[in-house]
Amino acid sequence: MKNVLRAFCFGLAMLTAGGAFAHGPSAEGSPSGLPVPEISHGEMAVISGYRSRIMDLASRAVDTSEPFRRVLNYAEIQYSYCLWGRMPGSVTDEESPFNECAHAYLAATKAVLLAMRGMPQQAMAAGEIASAVDVDMVQRGLSLVTCRFSGEGFNTADVVRPRWSEIPLHPASMASLTGFAMILVAGFFVLRRLLRVQSSE
């Protein structure tokens, strides 16, 4: 329940300010950022299932470089902007308003995993995860699956935000946000009722 409310509140705040936000990374990028290689549609479908393991391993890394920490931080920021991956179809549906930002955080997650294969303390565990990802890719036949964002690279200085204006055109996203709103409103009325009962005692 807390995660649902948190995602809705965050989404509501972004919707309010959405007119001032760009829909994606700038065309030229920022010279202060680090490049994050693209990820294919098939890869992200698999990487998403290993994200928790990858980020947990990365959080325990001690001997890290500044570029590694910046990409790791970017992966976390992008994940929150994508409402913590809780919107239906954000990873699998290229028409989802959240698909491009999902590409961004999963591309960064993949970059973090690959970087850890070169770290002495994380190399073995990172290699095991990478091997599991490769096996899943082959078994599920996702190696060559692409979408319109598959060739898009990212930059740590450019946050990719959901395409808020497209939400009304995407039934699954619209239904989820409507459900969040209903839960929030119901919670408000329940809380107000409880406060009234307490004040009358």
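Reply: A charge is taken to sit over a ring if NZ of Lys or CZ of Arg is within 6 Å of the ring centre and within 35 degrees of the ring normal. This is a predicted model, in which local features need pLDDT of at least 70 and side-chain atom pairs count only at pLDDT 80 or more, while totals for chains, interfaces and linings use all residues. Residues are numbered from 1 along each chain as its sequence is written, and side-chain values use heavy atoms, with hydrogens and water left out.

With that criterion in hand, R51 is found over the face of Y79, 3.4 Å from the ring centre. Y79 also has an aromatic partner. Rings of Phe, Tyr and Trp (its six-membered ring) are paired if their centres lie within 6.5 Å, and planes under 30 degrees apart count as stacked, over 60 as edge-to-face and the rest as tilted. Searching the whole structure in this way gives two aromatic pairs. In one of them, Y79 and Y105 have ring centres 5.0 Å apart and planes at 70°, so the arrangement is edge-to-face. Helices (H or I, at least four residues) and strands (E, at least two) are DSSP runs numbered from the N terminus; Y79 lies in helix α3 and Y105 in helix α4, so the pair ties together parts that are 26 residues apart in sequence. Both Y79 and Y105 are buried, where buried means under 20% relative accessible area, exposed over 50%, and partly exposed in between (1.4 Å probe, protein chains only).

F98 and W164 also form an edge-to-face pair, with 5.7 Å centre to centre and 85° between the planes. F98 belongs to the loop between α3 and α4, and W164 to the loop between β2 and α6 (171-200), so this pair ties together parts that are 66 residues apart in sequence. F98 is buried, with a relative accessible area of 0%, and W164 likewise counts as buried, at 9% relative accessibility.

L83 lies in the loop between α3 and α4, and has a positive phi of about 55° although it is not a glycine. W84 is placed in the loop between α3 and α4 as well, and its phi, near 55°, is again a positive value in a residue other than glycine. L83 counts as buried at 0% relative accessibility, and W84 is buried with a relative accessible area of 16%.

A nonpolar core is a set of buried Ala, Val, Leu, Ile, Met, Phe, Trp, Tyr and Cys residues joined through side-chain atoms within 4.5 Å, and in the largest one, which has 45 residues, F68, F98, V112 and M116 touch the most other members. Helices α2, α3 (66-81), α4 and α5 each supply at least two residues of this core, and α4 gives the most, with ten residues. Contact means heavy atoms within 4.5 Å; leaving aside residues up to four places away in sequence, M116 touches I54, L57, A58, F68, Q122, A123 and A126.

A126 leads on to α5, whose buried residues are A126, I129, A130, V133, D136 and M137. They cover an arc of only 120° around the axis, which puts them on the same side of α5; the arc is that of the directions from the helix axis to the C-beta atoms. What covers these residues includes α2 (41-59) and α4 (99-116), whereas M124, V138 and Q139 are exposed on the other side of α5. The expected span of a helix is 1.5 Å times one less than its number of residues, which for the 17 residues of α5 (residues 123-139) gives 24 Å, in agreement with the 24 Å between its end C-alpha atoms.

Of its 201 residues, 42% are buried, and among contacts with a separation of 6 or more, residues 24 or more positions apart account for 83%.
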